Amino acid sequence: MVPTESNYINELVEIHGRSRTSLMPILQGVVALKNYISDQDMTEIANELDLSAAQVYGTATFYSFLDTIPRGEYVIRVCKTITCDMHGKRTIIQTMEDMLKIKVGETTPNKKFTLLETNCLGWCHEGPAMLINDTPYSGLTVEKVHDIISEYMNK
Amino acid sequence: MSEQTLKRVDLIFGEYSNEKYKVLATSLERTNEDILTDLLESGLRGRGGAGFPTAMKWKYAAEAPGDEKFVVCNADEGEPGTFKDREILYRVPRKVFSGMAICGRVIGAAKGYIYLRGEYKFMVPELKKELESYHEHIKELGLDFTIEIKMGSGAYICGEESALFESMEGGRGEPRNKPPYPTTSGFMKKPTVINNVETFVNVVMIMRLGPDQYKKLGTSDSRGSKVFSVSGDTPIPGIYELELGMPLDRFVDEFGDGDTKAVQVGGASGFCVPRKKFNDTVIGFEGVPTGGSMMIFNSSRSMYNVLHNYLEFFEEESCGQCTPCRVGCQQLLKGIVAVKKGEKKAVYLDQLMKLSESMKITAKCGLGQSVANSFSSIVNNFKEEMIY
Amino acid sequence: MTKKINLTIDGIHVGVDEGATILEAASSLNIHIPSLCYHEDLCVAGNCRVCVVEQENSKNLPASCATPVAEGMVILTNSMKVRMARKHIVELLLSEHNADCTKCYKNGLCELQGLASQMLTGDHLFLDLVPDKKYTIDMFNTAIIKDDSRCIRCQRCVRTCEELQSVSALGVAHKGNKMKISTFFEHSLFEVVCTNCGQCVNRCPTGALIERNYIDQVWDAIYDPGKHVVVQTAPAVRVALGESLGMATGRIVTGKMVAALRRLGFDSVLDTDFTADLTIIEEGHELLTRLKKALVDKDPTVSLPMFTSCSPGWIKFIEHTFPDYLPNLSTCKSPQQMFGALAKTYYAQKRKLDPKNVVSVSIMPCTAKKFEANRPEMRSSGYKDVDFVLTTRELGIMIKQVGLDFEALPEEKFDSFMGSSTGAGVIFGSTGGVMEAALRTAYEIVTGREVPFEGLNILPVRGTEGEVREATIKIEKVKPEWGFLEGVELKCAVANGLAHAKTIMQNVRDGKANYHFIEVMACPGGCLGGGGQPIPTNKEIRTKRKAAIYQEDMGMPIRKSHENPEIVEIYKEFLEHPLGHKSHELLHTSYTPRKRY
């Protein structure tokens, strides 16, 4: 069952249940659909799970993948850990900043891309690495990044 | 100096049988006591980094009173420089499931969870497919033990076992006070065995080889083999299964680029070993323990930058609840920057060393306690780089 | 029998119950281990790490508040290692903390300041982190101010809000260096589910959560010759104020408090207990009217159970969390607001004062009363009914400001009118008190006889901390006009602390409970444990204050609200009859559903 556009909180709650243990999967489900969790989504989840909104907010803000501010359709997370850094992370970021005309932390005006840095992605042997939404890309070079981003731009 | 040499082994990834779940089936024919005896005999210690004897953990959980118990596989591999759990789950998931199921039988749990880091979400479809087939097999074997995947969402601290439970329960990944330990109060405050991905695979290999055969690998303190994640300045980065107890100089000979200045053993929370100490450093519980991360730095690298990177990581990934870790990490980072810029005199590094020592003995969990490992080993061995 | 565990602390052998912590064991030896996140009322957090101790054969220093004792343990609470670690921890907290103490409301009362002074932290071991932090102060609320720059993140407030109050308006947000105590999306406390109960304020070790104080505004009114300043004092204040002024816990200081207020310059020193008695008359009649509608008229729209409405924290809780049940709340204003409305009408008329020149001040054990006084509906006199609400603590500060030797003051009496009260009014300060006072009056109205309890002490409804109290009172041999109540078993429940109130509400909602009348006080122990009471407040202290309240009740010549001569008089002269037109205009109110976030 894939939650629909309009009624997704209710549907996620139906899928995962109303206990506190359901909170993470529900929040993850919202992010998968919307790329971030809005304040309205959080209050709705809080009411469904009989939690306070501050508790839901507390859980969401703890996790770097549970964004609480609007993100683009494609969230790019570049690994900033030392080995990726050593193998040219900065050039990779520079390339994307130039292509997307945004800085790290920003979202393109068309809401298509958000560019972020993140902690170790677990591709240290093939650094630099990044995630675009859930998909990992490793062994990045300027050319490779060009191809990948161009492909997403045309999506 | 070291007599031990570097031996590559093929235990973890090697196909152990053409027949699916054969080792699981034969293990389930044995008694729980037999299994625990073998585990104890094998000397297996947890592969997550802390190295707690696995047999004891299982025994405590088996003996703990409770109508419901859990088995949790810790796949929240977040230590910088580590990627072996991903590789294991990708290449030999059945061994992991089998190890969990054996544990479930031994401790009396009917439910197992794999807590997978959010960064590895792309693996979920494949894993679910494998789990379907596992569930068919386990039904045939007549064991009531199901496995479910729970996802993390980008928080290093959730690799700490009690933080992981908090996260699974829908909370912030804030480590709990210990005692009580997971074996009596883990997920949902019920007796729980939580082991690293690789530990479960080792269990299966012990079941297959028998403890005597298994014990032949490694040293008396560090039995068996270990999967290492090798990265940094190396011509051959990747995943390697090596015997435990190997000397670091042999490792550097094999993996270094000829100009190795230092090796960070155990990731950001591990120790930095400088070139002059390669020949008297042993990788294992008797020497420098590691969850598998080996980052190699050559002489072109600034160890100040390395430490700065680690401290930024800790400052961000500390859960923030306890004072020494939350504020201590900020102070260490700001402190080395101030010394580097000349805003603080070099002696301030001594003050920071004392602080890191306090963090080590007062922080609530392993994260805050281990920041001092990299801090003191890098500052002590590369002091000039910190100042000039 | 609990097993005894033997251990050694600082060379002294001690045996304590199994399950006790090292901190508790040390305390039994009168060794005071410093702590910050620890609070007797709350679950153990073990996050500040100030209470670390050295344990033989252990390389790490365990937090004594979070570590249970074990047989043969050898503990050092003051070793070199411990002293160094503890000093580091306090220095770390200070490096994150806006330590501009002379500008802080908690100056002199701050627990962090206390530790800093003990440890002689003058040398600033570490770098100042405050300039990098973009700390904010939430000043929008009329009751509570939250200043993040003073916060040490001990989470006492978060645990209070969750465990005692089940509100969780405050939570922990973000992690690492950005971790902070936050409301939902960092909204002002004014906008969120916060009930203003102030239990967090009472437990905050620093100045991060404080009441909004109105001390200067009250001084301005007192010094203004054109103003007539009346002050009312709530029942729970008189059993706690002494603590603020160096006296022992549980002392009744009613007379000294009255004397002090006169010396501060208030024109008239009156008693909220008077309007507590008035509340009983109005609320008692309201309950009886609802029962009549339900039992005789079979009116399906009547809302039962009826809930008391004296506790403004409870009111805001129900507005946010159970808005469907607003019709079940008694429409009676709280005694404070009844008093305010009368001060600028009845009182002003009697004293021939222009109500616009009357300033009405109240002394309350409560921070929620500050919010209540600022509600837009609380202007039925045509003016703001209660101009300024001061907590017990603020009154303590004012008394210190003028240098009064409180303990040496004579015992004086309240002014009249609106200064006389009964034992029933006094017990409003304790959980179960409103219920008991209401029963003393309602039973007598209906039967013509006193409640059938020895010495008027209705022990079954005297609330107990940490539980929901239930009682059933059978009504028999009623007066003819109350015939419909013959044989009715009046089912009552009493809850203190919003966590227990929530339990009751869930039971009512799920049809698991069938009550007629429910008393709720938002704070543990009732008003005597209010958020505006002296710090510290804990169970032991609340127990002593409670004993004092019932002692005060026993000492009153009149102990039933309807026998208060000033109450009889006000109905004759002004209000005419309970639930009458004037009452509705001045003494009753309505409620607003609020968003739940």
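**Exercise 1. Describe the open sheet of chain B: what is the order of its strands, and which strands lie at the edges?**

Step 1. Start with the order: the open sheet of chain B has four strands, arranged 3-2-1-4 with parallel pairing. Strands here are DSSP runs of E with at least two residues, helices are runs of H or I with at least four, and both are numbered from the N terminus. Two strands pair if DSSP finds at least two bridges between them.

Step 2. Now look at the edges: strand 3 (146-151) and strand 4 (192-196) of chain B each pair on one side only. From one strand to the next, the twist averages 20°.

Step 3. Zoom in on one pair. Strand 2 (residues 111-116) of chain B runs parallel to strand 3 of chain B, and six bridges join them. One partner to find is Ile149(B) in strand 3, which bridges to Ile114(B).

Before moving on, a word about the model. It is predicted, so local features need pLDDT of at least 70 and side-chain atom pairs count only at pLDDT 80 or more, while totals for chains, interfaces and linings use all residues. Residues are numbered from 1 along each chain as its sequence is written, and chains are lettered from A and ligands numbered from 1 in the order in which they are written.

**Exercise 2. Find helix 7 of chain B: which strands does it lie across?**

Step 1. Locate helix 7 at residues 161-168 of chain B.

Step 2. Follow helix 7 over the strands: it lies across strand 1 (70-75), strand 2, strand 3 and strand 4 of chain B.

Step 3. Axes are lines fitted to C-alpha atoms, for helices over the stretch in contact, and angles run from 0 to 180 degrees between N-to-C directions.

**Exercise 3. Turn to chains B and C: which helix of chain B gives the largest share of the side that touches chain C?**

Step 1. Count the residues: the contact takes 29 from chain B and 28 from chain C. Residues are in contact if their C-beta atoms, placed from the backbone, lie within 7 Å.

Step 2. Find the elements of chain B that give two or more residues to this side: helix 11 (303-317), helix 12 (323-341) and helix 13 (348-362). Helix 12 of chain B gives the largest share, ten residues.

Definitions and conventions: Two residues are in contact if their C-beta atoms, placed from the backbone, lie within 7 Å.
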